[in-house]
Amino acid sequence: MAGWIPAKAFQTKKLSRFGYIELTPQAGGAKIRGHEFHYFDTTDNGSDFVAKKPFRDVRWECMHASERALIGFPHLYYYSNPAFLAERLEQYIEARG
């Protein structure tokens, strides 16, 4: 949509990756909870986080992350871990120089 990632987005006929998840950064750092609920998908969902369904052994890679942006389908619940937001803000401030 904005041209930030080289991928195609498309509408699906049913919900994709529906429900609550816990996201773990592949590079280490604070985890955060969220959920997904959408009728769209993309040819490149990212690989900077691992999403895991609670109480089930279901997981997948998702999201694109940089010092300045988090791009992906998950809706993040920042109150689940304020340290996650603090880490992201510190990375953003450091990237600005």
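In strand S4, Arg59 is the bridge partner of Lys52. Lys52 belongs to strand S3 (residues 49–52), which is joined to S4 by 4 bridges, the two strands running antiparallel. Here strands (E, at least two residues) and helices (H or I, at least four residues) are DSSP runs, numbered from the N terminus, and two strands pair if DSSP finds at least two bridges between them. The model is predicted: local features need pLDDT of at least 70, side-chain atom pairs count only at pLDDT 80 or more, and totals for chains, interfaces and linings use all residues. Residues are numbered from 1 along each chain as its sequence is written, and side-chain values use heavy atoms, with hydrogens and water left out.

Strand S3 also pairs with S1, again antiparallel, through 4 bridges. In this pairing, Thr24 has Val50 of S3 as its bridge partner. Strand S1 (residues 9–25) in turn pairs with strand S2 (residues 32–42) in the antiparallel sense over 9 bridges, and Tyr20 stands opposite His35 in S2. The hairpin of S1 and S2 has 6 residues between the strands, and in this hairpin Gly28 takes a positive phi near 90°.

These pairings belong to an open sheet of 5 strands in the order S4-S3-S1-S2-S7, with antiparallel pairing. The edge strands, each pairing on one side only, are S4 (59–62) and S7 (75–77). On average, neighbouring strands of the sheet are turned by 35° against each other, direction ignored; the axes behind such an angle are lines fitted to C-alpha atoms, for helices over the stretch in contact, and angles run from 0 to 180 degrees between N-to-C directions. Strands of a sheet pair through backbone hydrogen bonds, either parallel or antiparallel.

The description now turns to a helix. Helix H1 (residues 82–96) has 15 residues and reaches 22 Å from its first C-alpha to its last, close to the 21 Å expected at 1.5 Å a residue; the expected span is 1.5 Å times one less than the number of residues. After H1 comes Gly97, whose phi is positive, near 80°.

Helix H1 also gives the most to the lining of the second largest pocket, with 4 residues. A pocket is an open set of points on a 1 Å grid over the protein atoms alone, where a 1.4 Å probe fits, with protein on both sides within 12 Å along at least five of seven lines; lining residues have an atom within 4 Å of a point. Of the 15 residues that line the second largest pocket, Pro25, Ala27, Ala65, Arg88 and Gln91 are the closest to its centre.
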